[in-house]
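This report describes the structure shown below. It is written to be read alongside the sequence and the model.

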Amino acid sequence: MDTRSRPVVIAGGGIAGLTAALAFAQRGFAVEIYEQAPRLETVGAGIQLSPNATRILASLDVLERLLPMAVRPEAVALKDAASLKERARVPLGAFAEQRWQAPYLTAHRADVQAALVARVAETAGIRLITGATLTDIGTSPENLVGTFDQEGTEVRPIGSLLIGADGVWSKVRELPGLAGKSRFTGELAWRITIAADSTAGRTFASVGAAGCVTAFLHSGFHLIAYPVSAGAAINLVAFTKGERIAEGWSGHADPAILTGALKGAAPALERLIAEAGTWLAWPLHAVDQKQSWTLPQGVALIGDAAHAMTPFAAQGAGMAIEDAATLAACIAESPASIAHALATWEQQRKPRVAKVARRGALNHLAWHATGPVALARNLVLALRPQHRLASDLDWLYGWHMPDTGAARKA
């Protein structure tokens, strides 16, 4: 049976789910998105979108909606957190658009989601249902039924495909045969957004690289900062070791964990942390990527639901957007053989996602290096020209959707 005869059902209305809805609708599928929140309120703060992601957003007519509120950073600047000396710079801006044929953007997650929602609202064939919590999933060779509780009313859509785009604490992933629960990595992400014209914003301007993504490197933590909201705000996120806290996008942990990790950092950075205000902590969870992302009956996990990883390659959103687009392309190629299409998609996606995870692990090791390892890192960065640092990312940022619709192998 052609999968277009029944809707694609998506659990989750975040970046992954909304992108998937647009990608499937573009290929002629009816789509129903079920989001548990009563209304689509963004969570998190800033987000980085590299060319591999913005290229897809452009193809879905989302990018033009986002550009007025996004920022095109000129570079990624790596700075020593103690001395504030710049160790290396990876060029972005016009260089990125010329080299990778798409922009590198930083934006507030709310602006990204708003652009996606606006495009969904005007796209025929997509229904967005909010206040709907997934409670059960039933599968058979002929039917795939998800049960949702929508404000006390049971809703049971019969779909051709169920996509779990419900994030790191995915309900869909609990199905037998999939990965189940995520695991806490032992690290916390501390997040806050500050106004560029605030006291903290002015302190940041004195230590950060203007108009860039700035990474401050330290053995006990690292801090990433970049402009969002058309430059009116600065997103700050610091990463430290920490104990497990309540699951969720934001929670409360002892701020002494963050301040304690700053030992040896430049006084201006300590002042920035204090002036910024109340930081919210986010526990970093990961999913075992060796487990299956699909079930032949017609279930697929995308984004963090499939492969949540630490964010040290800044590719959480990028991989979710790639997942959504490539999954829609694979299903559209073999609409009468969904099990085959799902198996093909998973086989082709996993090597690329695993390579991104390895890059993130390498970044973490380098950014938290100490002693001789840190000295070696600094020497390598000092000797490597900017264009070579950029070329190291060609495999990641230069990735394109193949014409055939199947995901290109890493």
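## Basis of the description

The model is predicted: local features need pLDDT of at least 70, side-chain atom pairs count only at pLDDT 80 or more, and totals for chains, interfaces and linings use all residues. Residues are numbered from 1 along each chain as its sequence is written, and side-chain values use heavy atoms, with hydrogens and water left out.

## Overall form

The protein chain has 14 helices and 19 strands; helices (H or I, at least four residues) and strands (E, at least two) are DSSP runs, numbered from the N terminus. Along the principal axes, its C-alpha atoms fill a box of roughly 65 × 45 × 40 Å. A compact globule of 410 residues would have a radius of gyration near 22 Å, and the 21 Å of the protein chain agrees with this. That radius is taken over C-alpha atoms, and the globule rule is 2.2 Å times the number of residues to the power 0.38.

Of the 410 residues, 57% are buried. Buried means under 20% relative accessible area, exposed over 50%, and partly exposed in between (1.4 Å probe, protein chains only). Among contacts (heavy atoms within 4.5 Å) with a separation of 6 or more, 74% join residues 24 or more positions apart.

## Packing of helix α1

Two packed helices are described by the angle between their axes and the distance between the axes. Here the axes are lines fitted to C-alpha atoms, for helices over the stretch in contact, and angles run from 0 to 180 degrees between N-to-C directions. Helix α1 (residues 15-26) packs with helix α10 (residues 316-333) at an angle of about 30°, their axes being 8 Å apart. The two are therefore roughly parallel, a term for angles under 35 degrees, with over 145 roughly antiparallel, 65 to 115 roughly perpendicular and the rest oblique. The crossing of α1 and α10 is right-handed; a crossing is left-handed if the near helix is turned anticlockwise from the far one by less than a right angle, and right-handed if clockwise. Contact residues include Ala 16, Ala 20 and Phe 24 of α1 and Ala 324, Leu 327 and Ile 331 of α10. This contact comprises twelve nonpolar residues, one polar and no charged. Ala, Val, Leu, Ile, Met, Phe, Trp, Tyr, Cys and Pro count as nonpolar, Asp, Glu, Lys and Arg as charged, and the others, Gly among them, as polar.

Helix α5 (residues 109-121) also packs with α1, at about 25° and with the axes 10 Å apart. α1 and α5 are therefore roughly parallel, and their crossing is left-handed. Among the residues in contact are Leu 18 and Leu 22 of α1 and Val 112, Leu 116 and Arg 119 of α5. The contact of α1 with α5 has seven nonpolar, two polar and two charged residues.

## A largely enclosed helix

Helix α2 (residues 51-59) has seven of its nine residues buried, so it is largely enclosed by the rest of the structure. The buried residues include Pro 51, Arg 55 and Leu 57. Just after α2, Asp 61 takes a positive phi of about 60°.

## Loop residues

Most residues other than glycine have a negative phi. Glu 151, though not a glycine, has a positive phi of about 55°. Glu 151 lies in the loop between β9 (144-150) and β10 (153-155) and counts as exposed because its relative accessibility is 69%. Ser 229, in the loop between β15 (222-228) and β16 (233-241), has a positive phi of about 50°.
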